[in-house]
Amino acid sequence: MQLRRRCLRYCFSRVFFYLLLLFITCSSAILSYNFYFKIFSNQRNEQYQRFLIDKRDLDDARIKSSENIQLLHEDFFNTTHLACRYPKLMIDNPEIWKYLTPVQQSQPDCEKSTNWVYVENGTFRLSQQALQKHGPIVCAYRPILRSKDDFSTMEGARLFPVVDKMPLVSDFFRADCRARDGSFYSNIHLGITFDAGLHMRHIWNPMVKTHLGYNVLMFGFDSVSRMTFMRFLPKSYSYIIKELGSIVFKGYNIVGDGTPAALLPILTGQTEQELPEARRGREGAETVDRFPWIWNKFKDNGYITQWAEDLQTVGTFQMRLKGFREQPVDHYGRPFYLVAESMRTSKPYCFGSITRLQSMLNWIRDLFDMYPSQPKFSFLFHSQYSHDTNDRLPYGDDELLGFLNMMHERGYFDNTMLVLMSDHGARFSTLRKTYQGKLEERLPFLAIRMPKTFQEKYPHIMSNLRLNSHRLTTPFDLHETFEHLFEFHSSDPYQSKTNRSYSLFQLIPENRTCLQADIEQHWCACLNWNNISTNQPIIQRFGQQAVKFLNEFVSDYKNECAQLSLYRNIQS
């Protein structure tokens with residue numbers, strides 16, 4: 001009897017053991033299946049996520065559609081009743097191309113030897129490639145600092161020796177290094193210094209509860225029309241459309257001449273004439289610190305702020321204006337570029353082995369690396385490739401594409417409003433001679449990409465953005481959109497701060513005109529332009545009046561200048 005009981009207990013225990021083992025095996029299999037199925041599904045969804053794309057964005061750039069795109073045709077935008085109708089422009093217009101000779105290389109020739117020094121998340125790093133090639137390296141570090149205003153810099157105390165992974169003590173520095181084999185390296189670098197106070201700002205200055213809460217990243221090229229962006233940055237353009245689902249604004253119209261006339265409305269909501277006097281040599285002129293900068297409002301809501309542009313000799317707020325007395329943002333690039341552009345070099349587009357554009361894009365990446373969870377407002381503006389001619393702009397295509405792809409893969413665009421823009425189209429006399437060139441000057445590039453979660457949660461706002469991409473829009477509207485971010489979750493419908501601007505999240509009226517948008521008739525691209533005979537009496541009078549103005553303009557030097565007279569009118 002006891003033997004029988006022992007046998008039963010043994011059998012039950014063995015059965016229980018095998019059942020338990022079977023349960024564990026099945027559970028593991030189910031969990032593994034769910035885990036890998038989720039990964040596969042996410043990858044598949046990422047690969048096959050469908051974007052709503054304006055067919056014209058592809059057609060204008062001569063880009064083919066793909067499986068992940070659902071095209072929006074003309075009937076969706078219903079442009080028939082728009083008060084402002086734009087002429088159709090072409091990227092391959094031969095009238096334009098006869099004045100263009102774009103570079104054929106993908107980037108400028110920089111130093112072949114890799115830079116010894118680079119910056120990684122706020123630390124000074126030595127290249128492993130340099131260490132392996134040259135042996136132990138010893139470096140000195142000289143901080144590059146802003147001095148009393150926008151027009152001077154100074155060097156901080158020399159640090160020696162500095163070692164690999166040392167925290168930066170300044171955003172900008174000069175590194176002078178010597179290796180055991182006698183080789184020498186000297187270069188300037190930029191990064192983002194760790195600042196405990198800035199890391200805590202979003203706690204000390206919490207954003208208003210009605211704020212949308214996204215980061216804002218705005219990057220711009222000088223003198224690049226929508227057509228030019230498609231012509232000379234085709235890989236980047238295709239990526240922002242087909243992989244990011246960005247919205248390109250066909251009716252984005254300048255409101256004045258030059259870069260200040262474009263950036264001041266975006267950053268302050270006002271024109272230069274409406275802002276306090278800040279022009280050099282004018283009575284009562286002061287620095288631009290008093291302007292109502294939008295980055296100050298972001299800063300008051302816990303944001304980390306960043307602003308930089310290259311080509312300091314034609315600085316947007318320094319060439320004609322008096323610049324800033326106090327540093328305007330947390331990470332301010334002007335001191336770095338003042339030093340960079342004063343250095344003599346045979347490779348003006350490079351910092352050693354990397355291009356100056358890549359260095360600028362890296363600085364944006366460094367900001368996002370340093371402040372992964374803090375809200376950020378970043379605006380960087382690149383001019384070197386496109387200010388004087390668009391022919392060098394193709395240098396930037398691969399690097400801009402790589403930057404956008406890197407930011408997307410790292411997830412930085414998951415909670416960031418991305419704005420790619422320009423101030424105006426090309427202003428070069430040769431292009432201005434053409435009909436399309438005149439229009440391109442007035443129609444700069446603007447594209448906006450909202451995070452995927454926003455697109456899913458607010459389809460009606462995305463619909464407004466898409467419809468607005470075919471309507472008359474201005475830099476004032478971009479500023480109004482930034483203002484809207486602060487009141488996005490308000491219980492009341494958003495009310496524009498001025499009569500001339502709309503948030504791009506709102507539907508812009510079909511009957512909007514340049515007059516209502518505060519665009520002077522000269523800059524309005526909605527107008528129908530017609531050739532007039534040069535023999536018309538009014539054209540002759542215009543010519544005589546222009547010559548009279550020029551003679552009066554140089555009247556103080558009439559003993560040195562010849563009296564001008566009208567020879568003939570070429571075109572009108």
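A residue is called buried when its relative accessible area is under 20%, exposed when over 50%, and partly exposed in between, as judged with a 1.4 Å probe on the protein chains only. Helices (H or I, at least four residues) and strands (E, at least two) are DSSP runs, numbered from the N terminus. The model is predicted, with local features needing pLDDT of at least 70 and side-chain atom pairs counting only at pLDDT 80 or more, while totals for chains, interfaces and linings use all residues. Residues are numbered from 1 along each chain as its sequence is written, and side-chain values use heavy atoms, with hydrogens and water left out.

**A buried helix**

In helix α18 (residues 475-486), 12 of the 12 residues are buried, so this helix is largely enclosed by the rest of the structure. Among the buried residues of α18 are Pro475, Phe476, His479 and Phe486. The elements that cover them, through contact (heavy atoms within 4.5 Å), include β11 (215-221), α9, α10 (294-300) and β17 (376-382).

**Aromatic rings**

Rings of Phe, Tyr and Trp (its six-membered ring) pair if their centres lie within 6.5 Å, and a search of the whole structure finds 41 aromatic pairs. One aromatic cluster includes Phe291, Trp293, Tyr332 and Phe381. A charge sits over a ring if NZ of Lys or CZ of Arg is within 6 Å of the ring centre and within 35 degrees of the ring normal, and the table gives such cases.

| Charged residue | Ring | Distance from ring centre |
|---|---|---|
| Lys376 | Phe368 | 5.0 Å |
| Arg500 | Phe476 | 4.0 Å |

Phe476, whose ring lies under the charged end of Arg500, is also one of the buried residues of α18.

Technical notes
Rings of Phe, Tyr and Trp (its six-membered ring) pair if their centres lie within 6.5 Å; planes under 30 degrees apart count as stacked, over 60 as edge-to-face and the rest as tilted.
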